[in-house]
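Trainee: Hi! Could we go through this structure together?
Mentor: Happy to, here it comes.

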Amino acid sequence: MSPSRSELILHSAPSKKEIELRLLEEGNARNAAPSRRSVATWISTGLAIEEAQIALLIEVRRIGRRSTETQRLDIARQRDRLQGQIDGFARSALTHLGEGFDADDEPEDLDVDILDDLDDDPADFTETSHTWTNSPELTVIPLPSNLGVDRCRRCMAEDLIPLEMSLREGQANDALHNLRIYLCNKAILFRTTVRQANSQALKTRAWSQVTSVQQAVSLHASIYTKTRKQMMKLEPGQDQLQKYKPLLREQLKISTAVGDPNARGQRNESLAWFWSVEVDLGGPDQSWNEECEFPLACHIPPLPDWTHAKFTESIG
């Protein structure tokens, strides 16, 4: 059963940047201690590192073992940059977590579920890769959610738990927002570019665009899944559990209700839960799109106009 009109929240959920700004302003307003003044930014940096780790894992998995020298060099450079960011983050942990934190601990490798729709283009991904134990993309960084609630309490860093939870909510909002946009764009690509390609050159270009968008779907779906897993470690409330539900692989497939709003019977087709979680109908800043020759292949494509109609007219 599709969400009813009353169930839709037609406003934008707060982004991670908005939440970080609010936390910084609140810290300055109450004259927080130096070790706590920049803690929101420190946690936000950790979340960004995790996103970079997931993106690198997907890239390594995509190219597999049959990689070119240029690809291996690019991966090596990304790992070098990522390791530098992780080292800096770990050094800062001593400031924010106190003397009870042992930076020499050896936690298990990062646990990430890579979500993709392999039925669309199985050649895009492969199970074999050059990722090894202790690779920077598998390093677990010392965020409160990785240390655990009990250990944070022993380190007298219990106040960091709600801060990370707030930023995780913003991170989840960002991931779901981008996921909706890319799924819409994938649907549009199939309805227009792919179906209308009448030459081999146009078909090759069309499927290249589909692959690019599908990789973005996989990235944001994987980021959301990792974010939710970390939120579960921070003792979330009932409202958070109800709002941020598990994301299933089959929910990443294109629905007729999303792909073609005029298709026969689409009014009765059910949409996945994340289409009705604080929907931002305005989309992101679209100024980048003015000079883009192929907007569907760019980073954050615009939300189509008919999506608004879909939510406000077609699901009553």
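Trainee: What do the side chains of E50 and R168 form?
Mentor: The side chains of E50 and R168 meet in a salt bridge, at 2.9 Å from N to O. A salt bridge here is a side-chain nitrogen of Lys or Arg within 4 Å of a carboxyl oxygen of Asp or Glu. Keep in mind that this is a predicted model: local features need pLDDT of at least 70, side-chain atom pairs count only at pLDDT 80 or more, and totals for chains, interfaces and linings use all residues. Residues are numbered from 1 along each chain as its sequence is written, and side-chain values use heavy atoms, leaving out hydrogens and water.

Trainee: Where do E50 and R168 lie?
Mentor: E50 lies in helix α3 (residues 39–63) and R168 in helix α7 (residues 160–196), so the pair ties together parts 118 residues apart in sequence. Helices (H or I, at least four residues) are DSSP runs, numbered from the N terminus, as are strands (E, at least two).

Trainee: And is E50 buried or exposed?
Mentor: E50 is buried, with a relative accessible area of 3%, and R168 is buried at 0%. Buried means under 20% relative accessible area, exposed over 50%, and partly exposed in between, using a 1.4 Å probe and protein chains only.

Trainee: How many salt bridges does a search of the whole structure find?
Mentor: The search finds eight. One of them is between E137 and R79, at 2.7 Å from N to O. E137 lies in the loop between α4 (69–97) and α5 (144–147) and R79 in helix α4, so this pair ties together parts 58 residues apart in sequence. Both E137 and R79 are buried.

Trainee: What about E158 and R153?
Mentor: Their side chains also meet in a salt bridge, at 3.2 Å from N to O. E158 is partly exposed, with a relative accessible area of 41%, and R153 is partly exposed at 37%. Salt bridges that share partners join D150, R153, E158 and E235 into one network.

Trainee: New topic: at what angle do the axes of α3 and α8 cross?
Mentor: The axes of α3 and helix α8 (residues 200–232) cross at roughly 135° and come within 10 Å. Axes are lines fitted to C-alpha atoms, for helices over the stretch in contact, with angles from 0 to 180 degrees between N-to-C directions. That makes α3 oblique to α8; angles under 35 degrees count as roughly parallel, over 145 as roughly antiparallel, 65 to 115 as roughly perpendicular, and the rest as oblique.

Trainee: Which residues make the contact?
Mentor: Among them are E50, I54 and I58 of α3 and L219, S222 and I223 of α8. Contact means heavy atoms within 4.5 Å.
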